[in-house]
Amino acid sequence: MRETGWAKINLALHIRARRSDGYHAIETLFAFVDAGDAIEAEVADRDHLVIDGEFGGGLSAGADNLVLRTLTLLRDRYGAPRIPPLAIGLTKRLPVAAGIGGGSADAAAMARLVRRHFLPEVGNEALARLAGSLGADIAACVASETCLGVGVGEELSAVPELLLTGTPVLLVNPRQPVATGPVFAAWDGVDRGPLFTGADLRAQLFAARNDLQRPAVAQCPAIVDVLTELGALKPWLARMSGSGATCFALFDAPAERDAAAAILAARHPGWWQMAGTLR
């Protein structure tokens, strides 16, 4: 049994207010790349998680891991007899604390894997609502389709005017983790307005922003270097994703993306990058 934890990017992320519960009211455009972490599972005598891959070192494979927490949550909801013990392998290809939803994507992938093989009657909405209780981004990661997220990001709606499927994308990270909590806490509290909506896709995205970029740069100045380098390679959009430090660039053609990736690899061999297309 196999599933992919598709990398998440925030095409835009507007912070509108601090809520009384300590969270933030946001408006974000989620999109997903056709590459990410890999999960494999097989029926076993007991639940067991093994983590490998470039970014697997130091991650907990215990019961606190979101993959196992998702499995436990589904058993609690739908009954242990329906979901047998699983030996799970997680290959971490996405950097950790990187603003591209690695842990959330893995949790969503586990939910989809269990649904596909053991709970086929469970729809995306029910699965997203349940798995999303473990983290706001998980709900969007269940379907892994471009959508608008409001509230804390868990209230989702389709955006059919965003015709982005197949758009070449390049993800770049300076291999510096950024802690999400401190970045949100350092937001300056200024509501700079809602997401622009209109028929012109590029105008809509150009008018948008990531309100977490300023506090993220304060924690990780290398984000500026990444965005500067990406901008010089002439994508039609380059922006930081989530709370950083990963940035993305959207191109008109795969050849443009691949040429940009080659240039960046030569200039900054220590940076992580992943090329793909939007789902």
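Predicted model: local features only at pLDDT ≥ 70, side-chain atom pairs only at ≥ 80, totals over all residues.
Helices (at least four residues) and strands (at least two) are runs assigned by DSSP and numbered from the N terminus.

Helix H3 (124-131), H4 and strand S6 (155-158) each contribute at least two residues to its lining, and H3 contributes the most, with 4 residues. The volume of this second largest pocket is about 310 Å³. It is lined by 15 residues, and those closest to its centre are Glu125, Ala128, Ala139, Ala143 and Leu156.

The largest pocket has a volume of about 1100 Å³. Its lining is made up of 41 residues, of which Leu66, Gly101, Ser104, Asp137 and Thr180 are the closest to the centre. Several elements give two or more residues to this lining, including strand S1 (2-18), strand S2 (24-43), helix H1 (66-78) and helix H4 (136-143). Here the lining residues divide into 19 nonpolar, 16 polar and 6 charged.

Aromatic rings come next. Across the whole structure, 2 aromatic pairs are found. In one of them, the ring centres of Phe55 and Trp272 are 6.4 Å apart and the planes stand at 80°; the pair counts as edge-to-face because this angle is over 60 degrees. Phe55 sits in the loop between strand S3 (48-52) and H1, while Trp272 belongs to strand S10 (residues 272-277), so the pair ties together parts that are 217 residues apart in sequence. Both Phe55 and Trp272 are buried.

The pair of Phe206 and Trp236 is also edge-to-face, with 6.5 Å from centre to centre and 75° between the planes. This pair links distant parts of the chain, with Phe206 in helix H6 (residues 201-206) and Trp236 in the loop between helix H8 (222-232) and S8, 30 residues apart. Phe206 counts as partly exposed because its relative accessibility, 47%, lies between 20% and 50%. Trp236, in contrast, has a relative accessible area of 11% and is therefore buried, the limit being under 20%.

Thr246 is in contact with Trp272 and, among others, with Pro95, Ala98, Ile100 and Met240. Its place is in the loop between strand S8 (237-240) and strand S9 (247-250). Thr246 is buried, with a relative accessible area of 0%, and its side chain reaches the backbone oxygen of Ala98 at 2.8 Å.

Methods: Residues numbered from 1 in each chain as written. Heavy atoms only, no water. 1 Å grid on protein atoms, 1.4 Å probe; cavity = no way out; pocket = protein on both sides within 12 Å on 5 of 7 lines; lining within 4 Å. Points joined across faces, edges and corners; volume = space filled by probe spheres on them. Nonpolar A, V, L, I, M, F, W, Y, C, P; charged D, E, K, R; others polar. Buried < 20%, exposed > 50% of the residue type's maximum accessible area, 1.4 Å probe, protein only. Polar contact = N/O pair within 3.5 Å; in protein donor to acceptor, adjacent residues only side chain to side chain. Contact = heavy atoms within 4.5 Å. Phe/Tyr/Trp six-rings, centres within 6.5 Å; stacked < 30°, edge-to-face > 60°. Lists of a residue's contacts leave out its neighbours within four places in sequence.
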